[in-house]
There are 2 protein chains.
Amino acid sequence: MNRRDFLIASAAGAASVAPLSSLAKPRVWKRGEPLKIGVLGVGMRGQVHLKELLRRDDVAITAICDTDPYMIDKALERIAKAGKPKPQVYTGDGDAWRRMYAKSGIDAVFIVTPWELHAVQSIEAMQAKIAVACEVVAGITLDDHWDVLRAQLRTGTPYMLLENVCYRRDVLAALHMARKGLFGEIVHLEGGYQHDLRAVKFNSGEPGKPYGGGYEFGEKGWSEARWRTDHSVRRNGELYPSHGIGPCAMQANIHRGNRFTRLTSYASKARGLHDYIAKNAPEHPNTKVAFKLGDVVQTHLACENGETILLTHDTSLPRPYSLGFRVQGTQGLWMDVNKGIHIEGQSKPHEWDAAEDWFAKHDHPLWQRFADAAKESGHGGMDFFVVNAFVEALRRGEPMPIDIYDAVAWSAITPLSEQSIAEGNRTLDFPDFTDGLWAKRKPIFAFDDRY
Amino acid sequence: MNRRDFLIASAAGAASVAPLSSLAKPRVWKRGEPLKIGVLGVGMRGQVHLKELLRRDDVAITAICDTDPYMIDKALERIAKAGKPKPQVYTGDGDAWRRMYAKSGIDAVFIVTPWELHAVQSIEAMQAKIAVACEVVAGITLDDHWDVLRAQLRTGTPYMLLENVCYRRDVLAALHMARKGLFGEIVHLEGGYQHDLRAVKFNSGEPGKPYGGGYEFGEKGWSEARWRTDHSVRRNGELYPSHGIGPCAMQANIHRGNRFTRLTSYASKARGLHDYIAKNAPEHPNTKVAFKLGDVVQTHLACENGETILLTHDTSLPRPYSLGFRVQGTQGLWMDVNKGIHIEGQSKPHEWDAAEDWFAKHDHPLWQRFADAAKESGHGGMDFFVVNAFVEALRRGEPMPIDIYDAVAWSAITPLSEQSIAEGNRTLDFPDFTDGLWAKRKPIFAFDDRY
């Protein structure tokens, strides 16, 4: 029996997925036995994961894969500098990752490639019994998400979505407060991705200069501008839902006693990307591109248990960064935008408290334990936690804390929002990816200080 | 010809309403000739308008009407204290206002009664050629709003909705900034009514004690608890749209080159009002009331010119007050919640400026002129401006700055949102109350320092 055959922990937990209950137990790694990891995609984001993985003694980066020789070199430099052994390198063409899956002997793969590759690369990894840590999002189309889900259920290979914002310190503190009942019964949630990405979507195309400095994208761009911007040309919807919906879904216990039932999206006119080029480079041929993505896209979700969720996607206009979280219950609320918390009976009536005072008092056990370890990590420490969660859960043979159902439902917001907008802001029923399991599954995310 | 026959200024302007173009010119009042005003409803809100009107020399309160003897006495005291002549008093039964319309000889009426009376009282006033200053909202049902509109178009009697937030200092400064182009092209707007009204919806029922102190409403309540709370029992929708939509509509030039095209509403579960009673008076019979109004109701509107608008109604939960305005364009945005403004090229990249600094520099001409006059006025001065606008426009025979189309479209958001929610968050086409006139009409609201 191939050792990978042990890797069969269902993301849903063995008990709740009947077809898998007869399979062997998930593999557990012993102390001192490193998890062999391949990093598929060592671009700007992949390098951050590399950095996190290189700090750990319980993993070994045994393979890397990318089509960009510039970033392969950077990755090898980084690995050498960390004093770790040189990994196998898979590169040269668009099928290099398939060779890595077939030949490298890795236990797990970090998929950190352009969005459009996530589904196929996840599916084939799971088929090869290589555990998947997939960067947001899980796929592009609704079919992609069903396919990724079915591959996971069929193979039982562990799959986790690397949604780091679920681990943001204030987000986890708010979850901790909610679980203590401080907000009362949760009734409404908000989140989103409000981040001026104009200097991400356009650059000069020069390797090593990912942010700004030009108005190129696609073939002539580099890093995210090379692939991400095209989504703003062709698609109009909530293109990047997981940073906003992840924390909201955890608050609402989605797929664990609750589910999304309906969705409607509204998109404003699309002006920001065109204006950015027209203002700064009026003669540039990209001023003629008709960007389809509305500047502000908002999506409402209704939940089975009566909560409402609002997501905002706003990446093409000048604005300060904000994920715009709001956690509102019958006893009070947190609003991220003004960094305020109000708790009835404890805050002065009709007044805000500074959120930081509450969060300091209710720091999540994970942050209490790992704040120092996360100090140097990407995105204010969040990246430590999301990598740690995948590695720890996998090594222990435990269910993934952000699992296949979360991954596909959160990611499916994108194609559903596109459809809603394309059909005149039509309200759509949200598919039940769990096939009814949502009602019986119990919350498992971040209940202690392990991961 | 009865002198009231002169009161025929169409809210749309004579030129744009063909059937009225042959009518006589609107009446204009001479200096020193006071406008005779009746105040219909001298409850808590009506008293605020009384106070504003009593400060003016260009109006005379010649009649008041209310069914509550307690408030009639308060009003007469207030009028006497101001050294003004005692008005005619209409009271005793639910038809007293009809007698006031028929016999008092008033030129204009302030309608400050429960929402459900606004439509019929406005329609009959306009039929009697009594100009109408109507508190928000214009009516209850969609039919109400069509009826109020048709009565205005048929009679030509001036009608204004008393939406005071359109005159809030920061709201007007933001409009002033937008008109100077500082935000660029407007793409997205937000507003709402987020105000913990639990102590308004419930009280002891004792006259003179409108806020809190008990858990009664309806027959046993007093002031707003007497009538307003019932709407939370029977209705689920955006029950109080105008404070939020008014400023957004002015930014988007609704009915003046633009219009609402679609609407969708989402309502969270309804917990707040029940919990408020259950927590504080667990034995009270009102714990058995099933409140229908969702705690947080959000409504999306799409506009003909591509802007999106989000409204939030949140009046049943503990929270600090916020109308949550957001004015976002291609060059920057204002967010009310964090009192921040970002303007590209002037603010530091990706950072907020204090909104107050921008607003101080771009104070609206109306506030520059009238800030002192408004200092003592209700709701931070807004009430001065809204009363002033009605009186000034009427006296000059000019179109109402918040006119019949604004009134009915803003107010119709309520029944439309109820329908959307009742039909599974269905997206509805927004009726065009202007019958196509929206395309040709020009903005007139607050372009100078007159009113």
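I then checked the contacts (heavy atoms within 4.5 Å): 100% of the contact residues of chain A recur in chain B, so the same surface serves both copies.

Some housekeeping for my own use. Residues count from 1 along each chain as its sequence is written, while chains are lettered from A and ligands numbered from 1 in the order in which they are written. Because the model is predicted, local features need pLDDT of at least 70 and side-chain atom pairs count only at pLDDT 80 or more, whereas totals for chains, interfaces and linings use all residues; side-chain values use heavy atoms, with hydrogens and water left out.

Next I looked at confidence. Chain A has a mean pLDDT (the predictor's confidence in each residue, from 0 to 100) of 94, and 95% of its residues reach 70 or more. Over residues 1-22 of chain A, pLDDT stays under 50. The model scores ipTM 0.94 and pTM 0.95.

In chain B I traced an open sheet of six strands, ordered β3-β2-β1-β4-β5-β6 with parallel pairing. My strands (E, at least two residues) and helices (H or I, at least four) are DSSP runs numbered from the N terminus, and two strands pair if DSSP finds at least two bridges between them. At the edges stand β3 (88-90) and β6 (159-161) of chain B, each with a single partner strand, so one side of each is left without a neighbour in the sheet.

In chain A I followed an open sheet of nine strands with mixed pairing, in the order β14-β13-β12-β11-β7-β10-β9-β8-β15. Here β7 (186-194) and β11 (326-329) of chain A pair in the antiparallel sense over four bridges. What stands opposite A:His188 in β11(A)? I found A:Gln328 there.
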